[in-house]
Amino acid sequence: MSSAQWNAGETHGQTQAKTEEWMQSAQNTADRACDKMADSKESAQQGKEQSAGFIQQTGEQVMHMAQGAIDGVKSTLGMNEKNEKK
């Protein structure tokens, strides 16, 4: 085998090894990106669930406040149930 052939073979081997290294690096980068997207999706879902719970609690509080206001007005006007039954 001539020196030129040996050098060509060695260069080809090095190039192939470098290509495989780059491909593995690209795969690792893609895997990390997928992991981050999955984490982001989970965080978004948790935030959505927390927001839904907060909105439900707030709605219930407003409903109770409104019912209290209605009862107060009825009482002030003498329209509460106790007075009507007499």
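**Close-up views of a predicted helical chain**

**View 1. Asp31, Asp35, Asp39 and Glu42 come together as a negatively charged surface patch.** A patch here takes residues with over 30% relative accessible area and no salt bridge, joining like charges within 9 Å and nonpolar side chains (Val, Leu, Ile, Met, Phe, Trp, Tyr) within 5 Å. Asp and Glu count as negative, Lys and Arg as positive, while His and the chain ends are not counted. Each charge is placed at NZ of Lys, CZ of Arg, CG of Asp or CD of Glu. Asp31 sits in helix H1, and its 36% relative accessibility makes it partly exposed. On this scale, buried is under 20% relative accessible area, exposed is over 50%, and partly exposed falls in between (1.4 Å probe, protein chains only).

This is a predicted model, so local features need pLDDT of at least 70 and side-chain atom pairs count only at pLDDT 80 or more, while totals for chains, interfaces and linings use all residues. Residues are numbered from 1 along each chain as its sequence is written, and side-chain values use heavy atoms, leaving out hydrogens and water.

**View 2. Here is the whole chain, with two helices and zero strands.** Helices (H or I, at least four residues) and strands (E, at least two) are DSSP runs, numbered from the N terminus. How much of the chain counts as buried? Of its 86 residues, 0% do. The chain exposes about 7900 Å², and carbon and sulfur atoms supply 57% of that. Areas like this come from the Shrake-Rupley method with a 1.4 Å probe; for residues, only the protein chains shown count as cover.

**View 3. Lys18 and Glu21 pair up in a salt bridge.** That term means a side-chain nitrogen of Lys or Arg within 4 Å of a carboxyl oxygen of Asp or Glu. The closest N and O atoms of this pair are 3.7 Å apart. Why about one helical turn between Lys18 and Glu21? Because they are three residues apart in helix H1. Lys18 is partly exposed at 38% relative accessibility, and Glu21 is partly exposed too, at 47%. Searching the whole structure turns up one salt bridge.

**View 4. Val73, Leu77 and Met79 make a nonpolar surface patch of about 300 Å².** Leu77 belongs to helix H1, which covers residues 3–77. With 58% relative accessibility, Leu77 counts as exposed.

**View 5. Lys74, also in helix H1, touches Met79 and Asn80.** Contact means heavy atoms within 4.5 Å, and neighbours of Lys74 within four places in sequence are left aside. Lys74 is partly exposed, with a relative accessible area of 35%.
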